[in-house]
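Okay, thanks for coming, everyone. Let me put the structure up, and then I'll walk you through the parts I'd like us to look at.

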Amino acid sequence: MSKREKIIIPADEINKQKEIINRIKQRNDFDIQRSGRNKLAMIVTYGCQQNENDSERLRGMLRDMGYHFTEDKEEADLILYNTCCVRENAELKVFGNIGALKHLKTRKPHLLIGICGCMMQQEHIVKQIKKKYKHVDMVFGTHTLYRFPEVLEKAMNETYTVIDILNTDGYIVEDIPIHREGSVKAWVSIMYGCNNFCSYCIVPYVRGRERSRNPKDIIDEITQLVSEGYKEITLLGQNVNSYGKDLNEEIDFADLLKMVNDVSGIKRIRFMTSHPKDISDKLIKAMSECENVCEQLHLPFQAGSNKVLDMMNRKYTKEKYLEIISKVKAAIPGVALTSDVIVGFPGETNEDFEETLDVIRQVEFDSLFTFIYSPRKGTPAEKMEDVLSKEEKQANFQKLLDIQNEISLKKNQQYMGRIVEVLVEGYSKNNPEVLTGRTRTGKIVNFVGNEKMIGTLINVRINEVQTWSLAGQVVEEDL
Ligand code: SAH
Ligand code: SF4
Ligand code: F3S
């Protein structure tokens, strides 16, 4: 692969945005003094961890502008939707929510409404918003996230919809302020974009080409996070296995994993997502040797039929996938495996679908993310023809869920009576009396404990097993 000149946004462009952040802060401070009430922002995030990580950047910029945060749109001064377009239902939800804000905007004319993220990188969507959703004040895309302060300042001064979309392969932006979701686990993007163009997928069109951050920037960020007390780091990218291919220095994902493993004080490392075509023996070896890399792998296979895999442009076969899984299982005892599966891809027959079930039965994944195929505008699969009806696809989808639920429960039953290391994340949302955390293999564990345990690693003996979670008791010596 030829090395592209990597475009890094120059520091003075970022400084310009920081100056605007300060100007907005002065303006907000003035308003707060006058009104005696805080300025409140609300961010709603759809889609994958990449979007969650982007929202943390938006939150960082907003915090520096003097905003506090709310989850109640009635009291918000600013509402931002960070959108996803990977499937149609994600887009429909956004349109529904934006439409519903029209009345709120009429009642509270000072309210500012913004939409950003992947959905905005599609021309037909932006056109639709301009035409039908005139109460929206700001629209910006994935490549212009760092210019949000500039967009917001304009929107504060003007009455028209401020639009900032860039159609580019993308670039790297370092040093945007960040306000993270929690204090125990953190996401760190190691690369952006995707070059794979799976025939059903919109991501390469809205996130640009693969570009890797410099290893030094990544390690500096992680070192800083660990010094702040973060215990677990998840390395993010659409296809982390191709990390480094566009860099001038000789480095691949396995090398990076080893460097992260050596960061002093780091307890747990995870990464997502991996593409089967790029998983190397070197990476499997690195995973098994690095003591802080968790025994967990998310490896989407999408479909079991070689015909469908070929139509999807996935560049591996069912046999190759199963071979990788055997190697991973052999090298990493007790590894938890998860995957993404698409049901009802155009051209998929019931016989093809049986191949998907065959993979699921052979591998025995701990859990699956399952999707019914959704045609995406501008992708090659959009033009391909269906063999199965909607009802047949739905029936196959249900069959797959039923089989997987049985397998997930069976996998969890293997934990019964075992002592596992849990990184405690906080109180359970469903039951505030109970603490919750995860095993190294990513299993949710609920248990009774005390507040001091939050953010620490403790041992729990599992005494209750369900399909989606485990429960247990803290082992005596940790009490
Ligand atoms: N880069 C990651 C994840 C991409 S999106 C990867 O390659 O695995 C997450 C998942 O959404 C995909 O793995 C796929 O299973 C699903 N997906 C993507 N496009 C889709 C579509 N058009 N219809 C249904 N599911 C889709
Ligand atoms: Fe989409 Fe395929 Fe890229 Fe994943 S690897 S983001 S599924 S194109
Ligand atoms: Fe969705 Fe964009 Fe992620 S389309 S899945 S939010 S990269």
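**Salt bridges, domains and ligands**

A search of the whole structure turns up 41 salt bridges, a salt bridge being a side-chain nitrogen of Lys or Arg within 4 Å of a carboxyl oxygen of Asp or Glu. Before I go on, the ground rules: this is a predicted model, where local features need pLDDT of at least 70, side-chain atom pairs count only at pLDDT 80 or more, and totals for chains, interfaces and linings use all residues. Residues are numbered from 1 along each chain as its sequence is written, chains are lettered from A and ligands numbered from 1 in the order in which they are written, and side-chain values use heavy atoms, with hydrogens and water left out.

Here's one of those salt bridges: Arg147 pairs with Asp164, and the closest N and O atoms are 2.8 Å apart. The two partners are 17 residues apart and link distant parts of the chain, with Arg147 in the loop between strand 5 (138-140) and helix 5 (148-157), and Asp164 in strand 6. Helices (H or I, at least four residues) and strands (E, at least two) are DSSP runs, numbered from the N terminus.

Now, the domains. We have domain 1 (3-164), domain 2 (182-294), domain 3 (320-413) and domain 4 (419-478), with bounds that come from an automatic or database domain assignment.

How do domain 2 and domain 4 meet, and how many residues are in contact? On the domain 2 side there are 11 residues in contact with 12 residues of domain 4, where contact means heavy atoms within 4.5 Å. The area buried between domain 2 and domain 4 is about 860 Å², and carbon and sulfur atoms give 50% of that. By buried area I mean the accessible area (1.4 Å probe) that two parts lose on being put together, summed over both. Of the area domain 2 buries against domain 4, Val184, Lys185 and Arg268 supply 55%, more than any other three residues.

Domain 2 and domain 4 share 2 salt bridges. The side chains of Arg268 and Glu421 form a salt bridge, at 3.1 Å from N to O. The side of domain 2 that touches domain 4 has 7 charged, 3 nonpolar and 1 polar residues. For those classes, Ala, Val, Leu, Ile, Met, Phe, Trp, Tyr, Cys and Pro count as nonpolar, Asp, Glu, Lys and Arg as charged, and the others, Gly among them, as polar.

The peptide bond from Met272 to Thr273 is cis, with omega near 5 degrees. Met272 is in strand 11, while Thr273 sits in the loop between strand 11 and helix 9 (281-289). Leaving out residues up to four places away in sequence, Met272 touches Gln49, Thr234, Leu235, Leu236, Gly237, Val240 and His298.

On to the ligands. What surrounds ligand 1? There are 15 residues, and the closest are Arg87, Gln238, Gln302, Asp340 and Ser374; a residue counts here if one of its heavy atoms lies within 4 Å. The side chain of Arg87 has an N or O atom 3.0 Å from an oxygen atom of ligand 1. Gln302 puts a polar side-chain atom 2.7 Å from an oxygen atom of ligand 1. Tyr200 uses a polar backbone atom, 3.0 Å from a nitrogen atom of ligand 1.

Ligand 2 has Tyr200 in its shell too, and the residues around ligand 2 also include Cys194, Cys198, Cys201, Gln238 and His275. That shell divides into 7 nonpolar, 3 polar and 1 charged.

Around ligand 3 we find, among others, Cys48, Cys84, Cys85, Cys118, Arg207 and Gln238. By class, the ligand 3 shell is 5 nonpolar, 3 polar and 1 charged.

Technical notes: Polar contact = N/O pair within 3.5 Å; in protein donor to acceptor, adjacent residues only side chain to side chain.
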